[in-house]
Amino acid sequence: MESEQLEAVVMDIVAGIRDAIIKHHVTVDQYRFAVDYLGRLADARELPLLLDVFLNVAAVDAENEVTKGSPQAIQGPYYREDAPAVTDRLKTLDHDNERPLVVRGQVRDIDGSVLPGAEVDIWHSTPTGKYSGFHDNIPVDYYRGKLTSDSEGAYRVATTAPVPYQIPNQGYTGALLEAMGRHSWRPAHVHFKVRKPGFKTVTTQVYFEGGQWVDSDCCSGVRDDLVRRTTQEDGVDTLTVDFVLDRAA
Ligand code: DHB
Ligand code: FE
């Protein structure tokens with residue numbers, strides 16, 4: 001970042017916080033409490049979590065303003081580059097409340113031509129709201145995988161439906177949300193990273209119309225153009241997500 005842009009960004013952030021302090025008559029004691037709280041939060045290595053909850057979406061939307069491709073969304077902390085290549089099914093664990101879900105769609109460029117050979121990397125929560133490779137020792141090759149779009153630009157994979165996810169809420173970030181009277185839930189979602197050499201990568205998430213917390217995501221990551229209604233195809237809930245890739249800069 002150039003020093004002029006850096007100065008402008010930092011001073012706008014400072015101005016926003018100063019305005020909030022004055023507008024809400026924050027006392028010096030409350031200010032000191034906040035400084036101490038942020039120090040303890042940083043010591044507990046929760047600064048990334050706190051910043052992502054409140055600010056990641058803004059950086060993504062700043063990019064959305066200048067891209068002609070599909071809308072992007074926050075990546076979240078649970079992406080794994082080493083997810084396996086898959087063809088038609090993500091590995092899932094047997095579970096009582098497992099609900100089959102098919103995820104399918106088509107990849108095109110901004111002129112509408114189909115894009116074969118694009119990598120469609122998909123990951124989502126288990127039926128208990130955990131992420132493989134991070135939680136409960138679930139191996140990294142479950143609930144995630146890299147597909148390749150076919151000659152028609154199409155991809156299709158069978159899996160199980162994700163459920164709402166509760167961000168780590170036992171620490172300082174959770175304590176703040178609770179003190180604010182907010183919850184720490186994200187609506188059920190499927191993550192995507194779609195790549196093809198020569199094109200801008202689309203990193204995004206899709207939410208389910210009518211799903212719990214869609215209207216109050218704790219990370220403010222839901223946009224109308226990221227919410228989909230599933231259809232029934234051969235008796236299976238099917239989530240259709242098409243992608244448009246912008247050309248690389
Ligand atoms: C977080 C978790 C997610 O699954 C996600 O998509 C975004 C953010 C989090 O824990 O902050
Ligand atoms: Fe997620």
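Select Val-120 first: across from this residue, in strand β7, stands Val-194. The two belong to strand β2 (residues 119-124) and strand β7 (residues 189-195), which pair in the antiparallel sense over 6 bridges. Strands here, like helices, are DSSP runs numbered from the N terminus, with at least two residues (E) for a strand and at least four (H or I) for a helix. Two strands count as paired if DSSP finds at least two bridges between them.

The model is predicted, with local features needing pLDDT of at least 70 and side-chain atom pairs counted only at pLDDT 80 or more, while totals for chains, interfaces and linings use all residues. Residues are numbered from 1 along each chain as its sequence is written, and chains are lettered from A and ligands numbered from 1 in the order in which they are written.

Next, select strand β8. The antiparallel pairing of β7 and β8 runs over 6 bridges, and His-189 has Tyr-207 in β8 as its bridge partner. Between these two strands the hairpin has 6 residues, and there Gly-198 takes a positive phi near 90°. On to β9: β8 pairs with this strand in the parallel sense over 2 bridges, and Tyr-207 stands opposite Val-227.

Is β8 enclosed or open to the outside? In strand β8 (residues 202-208), 7 of the 7 residues are buried, so the strand is largely enclosed by the rest of the structure. A residue is called buried if 20 or more other C-beta atoms lie within 10 Å of its own, exposed if 12 or fewer, and partly exposed in between, with C-beta atoms placed from the backbone. Val-202, Thr-204, Val-206 and Phe-208 point one way from β8, and Thr-203, Gln-205 and Tyr-207 point the other way.

Which strands pair with β1?

- Strand β4 (residues 154-160) pairs with β1 in the antiparallel sense over 7 bridges; Arg-104 stands opposite Arg-156.
- Strand β11 (residues 236-240) pairs with β1 in the parallel sense over 4 bridges; Val-102 stands opposite Thr-238.
- Strand β12 (residues 243-245) pairs with β1 in the parallel sense over 3 bridges; Arg-108 has Val-244 as its bridge partner.

**Ligand 1**

Centre the view on ligand 1. Its surroundings comprise Leu-49, Asp-52, Ile-74, Gly-76, Pro-77, Tyr-78, Tyr-165, Ile-167, Arg-186 and Cys-219, where a residue is near if its C-beta atom, placed from the backbone, lies within 6 Å. By class, this shell has 7 nonpolar, 1 polar and 2 charged residues; Ala, Val, Leu, Ile, Met, Phe, Trp, Tyr, Cys and Pro count as nonpolar, Asp, Glu, Lys and Arg as charged, and the others, Gly among them, as polar.

**The whole chain**

Of the 249 residues, 27% are buried.
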